[in-house]
Amino acid sequence: MRASRLMSLVLLLQGRGGMTAAELAEELEVSERTVHRDMLALSAAGVPVYADRGRGGGYRLLDGFRTRLNGLDRAEAEALFLSGVPGALREMGLQEVAATARLKAAAGLSPALRDAPETAAQRFHLDAPGWFVGGTPPPAALAPLARAVWSDRRVAAVYKDKPRVLEPYGLVLKAGAWYLVARLKTRTLIFRVPRFGEITVLDDTFDREPGFDLAAFWAEQSAEFQRSLLREVITLRLTERGVRMLRHIAEPAALADALDSLQPDGTVRLGVESVPVAFSQVLRFGPEAEVLGPPELRAMTAEAAARMARLYD
């Protein structure tokens, strides 16, 4: 633990040029007394660190000194690419690895570029989780699954009360919910991480399918899943304004087919999940859409329109 902290001290000084004991203590979450002791240890080990006295002083490295500690190991290099998703790193237990990787990367920059990470962080931020999920603890299975994903190890898992042996290919964070993409025998499937029970990371590793692309697989499966939800088709007659509203109301997976079916008189066939869901969509059109079918949806919409007319009479 102390060796890691001493390395972090050197990298911080190398990356930022100089820092006070208070700044170092805050960065490393230790006391200033511990910082002073660590500086003595570094000096005794031959690291050319010195203290500037007086106002604006602090600890610095001798000009021109460059440590060889800034080479990234594999875990740090991989975690560095996830640095834009701090919440995901924290939930997978990788925040410390990523922090060390960022320090090493910053230490390797020339003095003129050392403020680049801070400048970028002030301007761009990826907020992956959806709204209203703050404070929700990560699924208990997430950390062991993340370890298995990183090391290509099989897992013995209980999923929906059924024991399975999986080859975990990757984890996906979608709107605050975690999913595991894994091979089960000869099929690649998607599993909801919160539905896992007991997880055991096995010692034996597996070989990934050559050319497997996690992002492409997820995009394809997501599109197929959205299309599978469109079990009903409704027919509407839209005004010109209704046609413009269509792309804002229709499900994304249904929009292309709907536009292909659009007739000169505004008649359109729209895929929907169910009649009740379609009813809520139709109401958003207001007077810009007439329901032509099915009869059940037309009756529901007519009744809602009549009630609204009485309300505003």
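The residues of the lining of the second largest pocket divide into 7 nonpolar, 3 polar and 6 charged, where Ala, Val, Leu, Ile, Met, Phe, Trp, Tyr, Cys and Pro count as nonpolar, Asp, Glu, Lys and Arg as charged, and the others, Gly among them, as polar. This is a predicted model, in which local features need pLDDT of at least 70 and side-chain atom pairs count only at pLDDT 80 or more, while totals for chains, interfaces and linings use all residues. Residues are numbered from 1 along each chain as its sequence is written, and side-chain values use heavy atoms, with hydrogens and water left out.

The pocket has a volume of about 560 Å³. Of the 16 residues that line this second largest pocket, Y179, I190, W218, Q221 and F225 are the closest to its centre. A pocket is here an open set of points on a 1 Å grid over the protein atoms alone, where a 1.4 Å probe fits, with protein on both sides within 12 Å along at least five of seven lines, and lining residues have an atom within 4 Å of a point. Grid points are joined across faces, edges and corners, and the volume is the space filled by probe spheres set on the points. The largest share of the lining, 6 residues, comes from α9, and β4, β6 (187-192) and α9 (214-228) each supply at least two residues.

These elements belong to a chain with 13 helices and 10 strands, helices (H or I, at least four residues) and strands (E, at least two) being DSSP runs numbered from the N terminus. Buried residues make up 34% of the 313 residues in the protein chain; buried means under 20% relative accessible area, exposed over 50%, and partly exposed in between, with a 1.4 Å probe and protein chains only.

**The sheet of five strands**

An open sheet of 5 strands has the order β6-β5-β4-β3-β7, with antiparallel pairing, and two strands pair if DSSP finds at least two bridges between them. The edge strands, each of which pairs on one side only, are β6 and β7 (196-205). Neighbouring strands of this sheet are turned by 45° against each other on average, direction ignored; axes are lines fitted to C-alpha atoms, for helices over the stretch in contact, and angles run from 0 to 180 degrees between N-to-C directions.

Strand β3 (residues 153-159) is joined to strand β4 (residues 162-174) by 5 bridges, and in this pairing Y159 stands opposite K162, while V158 stands opposite P163. The two strands form a hairpin with 2 residues between them, and K160 in the turn has a positive phi of about 55°. Over 7 bridges, β4 also pairs in the antiparallel sense with strand β5 (residues 177-184), where R183 is the bridge partner of E167. This hairpin, too, has 2 residues between its strands, and A175 in the turn has a positive phi of about 50°.

Helix α8 (residues 142-151) lies across β3, β4, β5 and β7 and runs at about 85° to β4, whereas α9 lies across β4, β5 and β6 and runs at about 95° to β4.

Strand β8 (residues 232-238) is joined to β10 by 4 bridges, and the bridge partner of R237 in β10 is E290.

In the loop between β10 and α13 is P294, and the peptide bond from G293 to P294 is cis, with omega near 5°. A305 lies in helix α13 and is partly exposed, with a relative accessible area of 46%. The C-alpha atoms of A305 and L283 are separated by 8.9 Å, and these residues are 22 residues apart along the chain.

Terms used. Contact = heavy atoms within 4.5 Å.
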